[in-house]
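Let's walk through this one together, a question at a time. Have the fold open on your screen before we start.

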Amino acid sequence: MSKRSYKAITELLAYREAVEFKDLQAALGNASRATTFRYLKQVPYKRSYNHNGRYYTRRDPARYDRFGLFSVGDIHFSRDRTVGETIRRLVHESAAGWTSRELQDVLHVRVQVFLLDAVRKNTVMRERLGGLYVYVDSDDAVREQQLQQRREQFSAKALVAVEANVDDEVIIAVLLTLLHHPEAKAADVVRYLRGHSPPISMAQVDAVFARYDLESVGKKGGGSIS
């Protein structure tokens with residue numbers, strides 16, 4: 001058998017975007033776990049933050065998007081080590097904080113447990129604005145800037161709702177429709193509500209979607225309207 005080298009792992013990760021540990025072992029001639037880990041330490045790599053960290057990829061900063069994330073199909077990687085660390089970074093870097101649904105849409109995994117842990121450890125703060133929890137930085141100055149930006153966003157959405165003549169009856173009708181049809185888009189909701197008295201317009205439905213941040217409802221990995 002030829003002499004083992006970490007280069008076998010390097011070549012494998014250069015050829016395939018995501019591999020499992022068994023693939024690394026095979027590249028080293030069916031090496032043991034201990035031997036494979038020893039050679040793996042010599043290679044710049046990242047483990048997936050979903051699928052229980054089962055997948056490995058080469059570490060290459062150029063591959064990450066503006067959120068510091070990289071995906072191969074439904075396998076997701078972060079420039080940080082864990083989901084919790086990624087959330088803390090994203091919250092710190094954000095201009096207006098994040099809602100749990102926004103984070104879930106970006107990370108494609110459930111984030112509630114990680115957010116709760118961050119809040120308990122005071123590495124992330126939680127504020128209730130416009131009927132939603134917004135997760136913001138623990139630093140007082142950064143947090144206030146984020147909350148101000150978020151308030152301005154909510155004010156703009158509220159103005160849209162007022163201009164569209166959205167009252168409680170319209171809101172309830174839209175939300176009930178989404179409960180029965182969670183994957184519906186705004187145009188679908190308008191179609192489902194045909195015959196409603198009084199009629200509900202596309203502008204009104206758009207306003208409700210904007211006000212309650214419903215664009216992500218029904219997306220893969222997205223949140224719910226509960």
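**The sheet, the helix and the chain**

Arg47 stands opposite Tyr56 in E3. This is a predicted model, where local features need pLDDT of at least 70, side-chain atom pairs count only at pLDDT 80 or more, and totals for chains, interfaces and linings use all residues. Residues are numbered from 1 along each chain as its sequence is written, and side-chain values use heavy atoms, with hydrogens and water left out.

Q: In what order do the three strands of the open sheet come?
A: Strands here are DSSP runs (E, at least two residues) and helices are too (H or I, at least four), numbered from the N terminus. Two strands count as paired if DSSP finds at least two bridges between them, and three bridges join E2 to E3 (residues 55-58). The pairing in the open sheet is antiparallel, and the order is E1-E3-E2.

Q: Which strands stand at the edges?
A: Look for a strand with a single partner, so that one side is left without a neighbour in the sheet. That picks out E1 (19-20) and E2 (45-47).

Q: At about what angle to E3 does helix H1 run?
A: Axes are lines fitted to C-alpha atoms, for helices over the stretch in contact, and angles run from 0 to 180 degrees between N-to-C directions. H1 (residues 7-15) lies across E1, E2 and E3. Its angle to E3 is about 90 degrees.

Q: Is Gln25 buried or exposed?
A: Gln25 sits in helix H2 (residues 21-27). Contact means heavy atoms within 4.5 Å, and, not counting residues up to four places away in sequence, Gln25 touches Asn30, Ala31, Ser32, Arg33 and Thr36. Buried means under 20% relative accessible area, exposed over 50%, and partly exposed in between (1.4 Å probe, protein chains only). At 18%, Gln25 is buried.

Q: Why do the buried residues of H8 line one face of the helix?
A: In H8 (residues 168-180), the buried residues are Val170, Ile171, Ala173, Val174, Thr177 and Leu178. Take the directions from the helix axis to the C-beta atoms, which define the arc. The buried residues of H8 line one face because, seen down the axis, they fall within an arc of 165 degrees.

Q: Which helices are included in what covers the buried residues of H8?
A: On the other side of H8, Asp168, Leu179 and His180 are exposed. The cover over the buried residues includes H9 (186-192) and H10 (202-211).

Technical notes:
Expected span 1.5 Å × (residues − 1).
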